[in-house]
Amino acid sequence: MSLKNFSELFVDLDSNNSTNKKIDVLKNYFLSNDPIDNSWAIYLLTGKSNKRFISGRYLKNLFSQIYEYPEWLIDTCYLKVGDSAEVITLLLKNKSTTRKKKLSNISLNELLSKTIPDLSKLNEEEKNLQIKNIWETLPEDNHLIFNKILTGTFRIGVSIGLITKSISKLINIDEEIISHRLMGNFEPSIDSYEFLINKNINLQELNSKPFPFLLANTIEDKIFKNSINDFQFEWKYDGIRMQLIKRSGNVSLWTRGQELVNESFPELVEKMSHIKDDFVLDGELLVWNFKEQIAFDFSLLQKRINRKSPTRSIQIKYPIIFIAYDLLEINGRDIREIKLENRRIELEKYFSKWQIKTENNISDIFKICDLIFPKDWPDALTYKEKSRENNTEGLIIKKKNSIYSSGRKKGIWWKYKVDPMQLDAVLIYARGGSGRRAGLYTDYSFALWKDKELIKFASAYSGLTNIEINELDKWIRKNTIEKFGPVRSLKPEMVFEISFEKIQISKRHKSGIAVRFPRITKWRKDKKINDADSLENAYKLMKKIS
Amino acid sequence: MRDVVLRTKQEYLIRYKDGNLYCELADIWIDPSKPVKRALITHAHFDHFTFGCEEYISTKETAILLKERVGNNIKIKTFEYGEEFKINGINISFHPSGHILGSSQIRFIFAEEKWLISGDFKLQKDDTCKQYELVKTDYLISECTFGLPIFKWDESNKIANDISKWITNSPDKTSLLFCYSLGKAQRLLNEISQTNFKGNIYTHGSIHKMNNSYKKLGIDIKDTIKIENKKKIDELKGSLILLPPSLSKGSYLKNFKNIQTAFASGWMSIRALRKRSGYDKGFPISDHADWDGILEVVKKSEAKNVFFHHGDSETLSKFLVEKESINVLFFGKQI
């Protein structure tokens, strides 16, 4: 099996094919390649490892050295392409005519288990020579893969879900089972692939399956015609939605994206396994401020999500909590058909039982969500407006007599999100994007007035349509005052409405404030720069909420 | 004879004026973007043509293609490739540039000084037009649309095979391939007809029209079916439809069901552009020269002085000055 097949797979997956097509492509790849290559393919596609053997800069320098290319020329090309591995791949194409050596036909396994790891055993000179040798003997179609693996930048729009689906289709076994098998340290080997495609399911695998999640809809005005007493009110937490499952002694944590994340949160798994009952809970995972009893920012949770087997100190630094808001199964009995208000009673009943009867204290990692009891709809609105104070995004409103169905079913759960904060700001800097946005100015910095001066207060790169991005890009090129490397300072002329979720004091910024999730919500072509907001307005916004 | 090196910018035989190439001695403009008295037209693409000039001068093929596109209400004088004509003592001639049918480089000779305007050109094989002709010159004004070393074209038959595979791998889909109606479409048809793809090929009216013009001019173009608005969807399964890029956005695509889309353009060699383009797939094939092509022409033309326009001229210029010691000049203000 050659690397060629994997390169072709990459091209196919990278084309904007439908999900079904991608699944077919993957399935066919698995069918026609060795188990060992298949396991490497899965390893790469799921981003299990992105070890960087050499840096993009190193790669560019090396190319420049070998082929006597000016570095500035490579850098110019980079601005257009946005990815070192791809720049070198394209430049190598230009060198292919001078190639005389016989092409190698190594397999994905050989490349990843031997050729590349062996590079680190060499001294620099030998290493450079070896890379040059590989470039010159590897068929052109494989250069991109090689360069990307080398620089640890092999990423592709394939989710674990897609791999899961294709394996599931390949052997005709439920996706949840495959998910479970893909969990953990997937080490590329013949055995790990054979395990993945084993048609016999063991009991433990069966036991870990989550229920399809019930999702909330954005609120609609018609809800206000109903009696407030028909609904249960909860805070809308900004964490990871999760089903916590304990069956036959085994705990599994499933995200809404059908990912099993036991390894990221071992302390939760451990604690919950002490509970005597079996259950399925629906809830939210958060990094929790135990002192003030509110959630920390989502950014802290991000420090935990992608980290497997976190150290003890990480666990202490970012303490997590699971807040359950629903009970779906208890001791093997599926209770999703019971009304929400009754499920809540069960949830409260079991929670108090577990608090008393569990040997280890569970309340430092697990609780059930508090309910809110607004008197009427205007009161609910007041609660919603207060949600920023406890770091929530608004309210979740659930119909008391509803059953737990699946998907985004209308009229059962509603989300009532707090409006974003907004300021009108002036565009003052632009920077070239990378990756997909290479060659365009797509990263923007915005400023607010302080006396007669414009002070930078936020950077944003999302919110404009492709057409607007192109239009703005043209404008930027024509209205540049100065260039500093990839950054351009711009004539203050364009005003944008910037929305954000949170505003706080920051000593790190000249403006003295930092905002969370800043994004462009409108290009205010109707406004002149003098109409833009002042920093003072930003401070006022901050006072208003705290 | 005066020493050319001592001339000021204003005294170059050809210079940039109002964003266009202009020869003052002959009072003639090259591919002007606004109405002028007399315009030399290198080829029949619309970004090289504007209405309202009193007189156009081009090759015979370009004149015919232009009239097909804009009607007979323009006054065009035509010359054969290589045929010299004189305006105000300047000898002017067209030479094949390999870009599309009828496309040309234009050479000016005055007082033993040779100037060559490359027009849009490519060196790659293209059976639908005359092969690029090497013309030696003292001054070269070259396009450099793809003037970065990351651009290196594959053989066109390789791209055609990729297209063929792309279609046949999705037999249940209708494959929409977007490409420029004039030049690219005909070149693709010619190449695709030599691949394994033997299904039906449909073309949009604008492409169909250009195909017919090519045929009239003696170019062998595969017969295609003109796409009608209410074609039965099932018939189109597994077939290829060539469409102009202007139709890729908007409601036109709603005429089809279960489609896959692709764009044939040199820019598609860059992954970021490919992803951003919104097409499912990109086929990098261009009617412009790649980096090597431009360098080859600069060297083989033996030009002592080179100007660049259309593209990243800064980079290419810096490279030539540093690495090849070629004298690169700049027009006053380029647009």
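This is a predicted model: local features need pLDDT of at least 70, side-chain atom pairs count only at pLDDT 80 or more; totals for chains, interfaces and linings use all residues.
Residues are numbered from 1 along each chain as its sequence is written, while chains are lettered from A and ligands numbered from 1 in the order in which they are written.

**The two chains**

- Chain A carries 20 helices and 21 strands, where helices (H or I, at least four residues) and strands (E, at least two) are DSSP runs numbered from the N terminus.
- The C-alpha trace of chain A spans about 80 × 70 × 40 Å along its principal axes.
- Of the 546 residues in chain A, 33% are buried; buried takes 20 or more other C-beta atoms within 10 Å of a residue's own, exposed takes 12 or fewer, and partly exposed sits in between, with C-beta atoms placed from the backbone.
- Take the contacts in chain A between residues at least 6 apart in sequence, and 71% of them join residues at least 24 apart; a contact needs C-beta atoms, placed from the backbone, within 7 Å.
- Chain B has seven helices and 19 strands.
- The radius of gyration of chain B is 21 Å, close to the 20 Å from the globule rule for 335 residues, so chain B is as compact as a globular protein of that length; the radius is taken over C-alpha atoms, and the rule is 2.2 Å times the number of residues to the power 0.38.
- Chain B's C-alpha trace spans about 70 × 45 × 30 Å along its principal axes, and 47% of its 335 residues are buried.

**A five-stranded sheet in chain A**

- Chain A has an open sheet of five strands in the order E1-E12-E11-E2-E10, with mixed pairing; two strands pair if DSSP finds at least two bridges between them.
- Strands E1 (217-218) and E10 (371-372) of chain A stand at the edges with a single partner strand each, so one side of each has no neighbour in the sheet.
- Strands E11 (residues 394-399) and E12 (residues 413-417) of chain A run antiparallel and are joined by five bridges, with A:Lys417 in E12(A) as the bridge partner of A:Gly394.
- Helix H18 (residues 377-386) of chain A packs on this sheet, touching E2 (231-235), E10, E11 and E12 of chain A, and its direction makes about 140° with that of E11(A); such angles run from 0 to 180 degrees between N-to-C directions, with axes fitted to C-alpha atoms, for helices over the stretch in contact.

**Around strand E14 of chain A**

- Seven of the ten residues in strand E14 (residues 441-450) of chain A are buried.
- Strand E13 (residues 421-432) of chain A runs antiparallel to E14(A), with six bridges between them, and A:Gly432 has A:Tyr441 as its bridge partner.
- E14(A) also pairs with strand E15 (residues 453-460) of chain A, antiparallel over seven bridges.
- The hairpin of E14(A) and E15(A) has two residues between the strands, and A:Asp451 there takes a positive phi near 55°.

**A parallel sheet in chain B**

- Six strands of chain B form an open sheet with parallel pairing, in the order E14-E13-E15-E12-E16-E17.
- Its edge strands, E14 (225-226) and E17 (281-283) of chain B, each pair on one side only.
- Strands E13 (residues 201-203) and E15 (residues 240-243) of chain B pair over three bridges in the parallel sense, and B:Thr203 stands opposite B:Leu242 in E15(B).
- Helix H4 (residues 205-216) of chain B packs on the sheet against E13, E14 and E15 of chain B, at about 100° to the direction of E13(B).

**Cores and a covered helix**

- The largest nonpolar core has 140 residues, and those touching the most other members are A:Ala41, A:Cys77, A:Val81, A:Val87, B:Leu177 and B:Leu242; a core is a set of buried Ala, Val, Leu, Ile, Met, Phe, Trp, Tyr and Cys residues joined through C-beta atoms within 7 Å.
- Another core, of 42 residues, lies apart from it and includes A:Leu244 and A:Ile368.
- All eight of the eight residues in helix H9 (residues 143-150) of chain A are buried, and helices H1 (3-14) and H4 (56-67) of chain A are among the elements covering them.

**Where the chains meet**

- In all, 21 residues of chain A are in contact with 17 residues of chain B.
- On the chain A side, helices H5 (71-81) and H6 are the elements that give two or more residues.

Key: Two residues are in contact if their C-beta atoms, placed from the backbone, lie within 7 Å.
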